[in-house]
Amino acid sequence: MAIQVRIPTILRTYTDGERVVEGSGSTVTELIDQLEADHAGIKERLIENGEARRFVNIYVNDEDIRFTGNLDTTVADGDTVVILPAVAGGARSSS
Amino acid sequence: MLTIDQATHDAIIAHARRDHPDEACGIVAGPIGSDVPARLVPMLNAAMSPTFYEFDSADLLQLYRDMDDRDEEPVVIYHSHTATEAYPSRTDVNLAGEPGAHYVLVSTRDGAHESGPVDFRSYRIVDGEVAEEEVRVVEGYADDTADEESTQQKAEH
């Protein structure tokens, strides 16, 4: 068993086009570090200054990690993690 | 080029007018690889702002799950600008996360939220580069195909 991680289209350049990859770890931080080991460059797209990026959503078993402890959210074999870029924008000039 | 049916085109404009002065947002899903915007999904603007839009995080997950179940992808991602032109802002470009989608912008400025023509423009946004594209509005996708076939037949004869 492993942790199933769903990769959005825009990040599949790091996973050779794979939509789902397997990972491991006991927290989201560890999971992302392990993803980085297999798919170099992906971590920088998920984390900024030690925090999950504002406009990337990460869900563990359908729960947005913002509500479950952010990067410290625990994960375990058999869990499903979904990564989705926020769909956002607007006329406001800063982001 | 974006090819979109009249009913979906009009529904996007109606949504933009309805939510004015806040920005309206949503997607049109279609079968993966088809480039056909077939299923309009108006989304709630969780930011409820005249200058920003964002899909609610739980809504976003549900939306992508539904598309997965139907073998769909986001063919069009649309939103409105309510006081500026229908052109991607720097924010729009920085946050564009679907390189395969047509980004549609509708402007409801200058009273266009009530009546009259509304700017309806489409763009590709890939790696921070914006490219405007032609928008072709068709009566329906089936008719459109028939028209193209008849044109082709004429050309052959």
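Student: How many bridges join strand 1 of chain A to strand 7 of chain A, and do they run parallel or antiparallel?

Tutor: Strands here are DSSP runs of E with at least two residues, and helices are runs of H or I with at least four, both numbered from the N terminus. Two strands pair if DSSP finds at least two bridges between them. Strand 1 and strand 7 of chain A are joined by 3 bridges and run parallel. Within that pair, A:Gln4 stands opposite A:Thr80. The model is predicted: local features need pLDDT of at least 70, side-chain atom pairs count only at pLDDT 80 or more, and totals for chains, interfaces and linings use all residues. Residues are numbered from 1 along each chain as its sequence is written, while chains are lettered from A and ligands numbered from 1 in the order in which they are written.

Student: In what order do the strands of the open sheet in chain A lie?

Tutor: The order is 2-1-7-5-6, with mixed pairing among the 5 strands. Strand 2 (20–23) and strand 6 (63–64) of chain A each have a single partner strand, so one side of each lacks a neighbour in the sheet. Strand 2 pairs with strand 1 (residues 3–6) of chain A in the antiparallel sense, over 4 bridges. Across that pair, A:Ile3 faces A:Gly23, and A:Arg6 stands opposite A:Val20. Helix 1 (residues 28–38) of chain A packs on the sheet, touching strands 1, 2, 5 and 7 of chain A. The direction of this helix makes about 115° with that of strand 2 of chain A. Such angles run from 0 to 180 degrees between N-to-C directions, with axes fitted to C-alpha atoms, for helices over the stretch in contact.

Student: Which residues are buried in helix 1 of chain B?

Tutor: An α-helix has 3.6 residues a turn, so residues three or four places apart point the same way. In helix 1 of chain B, the buried residues are B:His9, B:Ile12, B:Ile13, B:His15, B:Ala16 and B:Asp19. Seen down the helix axis, they fall within an arc of 155°, so they line one face of helix 1 of chain B. The arc is that of the directions from the axis to the C-beta atoms. The face turned away from the buried side carries the exposed residues B:Gln6 and B:Ala7.

Student: How many residues of chain A are in contact with chain B?

Tutor: Two residues are in contact if their C-beta atoms, placed from the backbone, lie within 7 Å. By that rule, 19 residues of chain A are in contact with 27 residues of chain B. Strand 7 of chain A gives the largest share of the side of chain A that touches chain B, 3 residues.

Student: Which elements of chain B meet the strands of chain A?

Tutor: Helix 2 (residues 57–69) of chain B lies across strands 5, 6 and 7 of chain A, at about 105° to strand 7. Strand 4 (residues 53–54) of chain B pairs with strand 8 of chain A in the antiparallel sense over 2 bridges. There, A:Ala88 stands opposite B:Glu54.

Note on methods: A residue is buried if 20 or more other C-beta atoms lie within 10 Å of its own, exposed if 12 or fewer, and partly exposed in between; C-beta atoms are placed from the backbone.
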